[in-house]
Amino acid sequence: MKQELYNYILGIADNSLILGQRLGELTGHGPTLETDIACTNISLDLFGQVRSYFQYAAKIAGDGRTEDDIAMLRKEREYVNVLLVEQPNTNFAYTMARQFLFDVYHLAFLSELEKSKDLTLSAIAKKCIKEVRYHERFSSDWIKRLGDGTEESKAKMQEAINDLWTYTDELFHQTEADIAMVSEGIGVDVTKLKDGYYKYVNEVLETATLEIPESKYFQKGGKKGIHTEHLGYLLTELQYMQRTYPNMEW
């Protein structure tokens, strides 16, 4: 169970780690100063959450590894984030669409994780959910603003939603660690979040006058360490300082 709990925590934390890094790439490049600062703050929120998870994971591992080792010194196939969060910042519409599609899931997930029998995970969820409520409100507002905005903003947001939709189903796939932790009353049964997720997402898209994608083909693999070509480049930047100057700390 110790190893399964460790793997389960990585499955949660890696999503926030990779998405936080993606948002961090935008620092200084936002469309307005206010939006730039907001995206940077969301990135910092996610990294703060990651620290809590990885500190707990390091404690469980008990082999001398630190939060920094877990975050920075794994190989690409050892990261188990969903494919959605590693997709690049193609343009601002893609950034907000990716954020929204993850935020809705993240908020629902943390609402259930609060009920975990693992008191540490429950406490982390209770702390994180306040931040994620803001994240979801911020990203959903931008979906509506761009979708029901100009002809150009609507076209770009529709394109982003269409392209990223294929990565949403993986959010609800269960790994072996997921199944083991659900049976112990520790983990969240993500399969039960699916219907509510798509119902809410569809409502927001309709309000934004956007079309709901009809694609039935979905990408998967990230939870098993099989990633798109984008993750390798992201990790090159994320891990550079730690691998160049070993034993640096956050």
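User: How do the residues lining the largest pocket divide by class?

Analyst: The lining has ten nonpolar, six polar and six charged residues, where Ala, Val, Leu, Ile, Met, Phe, Trp, Tyr, Cys and Pro count as nonpolar, Asp, Glu, Lys and Arg as charged, and the others, including Gly, as polar. This is a predicted model, in which local features need pLDDT of at least 70 and side-chain atom pairs pLDDT 80 or more, while totals for chains, interfaces and linings use all residues. Residues are numbered from 1 along each chain as its sequence is written, and side-chain values use heavy atoms, without hydrogens and water.

User: Which helix supplies the largest share of that lining?

Analyst: Helix 1 does, with eight residues; helix 1 (2-24), helix 4 (92-113) and helix 7 (176-183) each supply at least two. Helices here are DSSP runs of H or I, at least four residues, numbered from the N terminus.

User: Why are helix 2 and helix 5 called roughly antiparallel?

Analyst: The axes of helix 2 (residues 33-61) and helix 5 (residues 119-147) cross at roughly 160° and come within 11 Å. Axes are lines fitted to C-alpha atoms over the stretch in contact, with angles from 0 to 180 degrees between N-to-C directions. Angles over 145 degrees count as roughly antiparallel, so helix 2 and helix 5 are roughly antiparallel to each other.

How values were computed:
Parallel < 35°, antiparallel > 145°, perpendicular 65-115°, else oblique.
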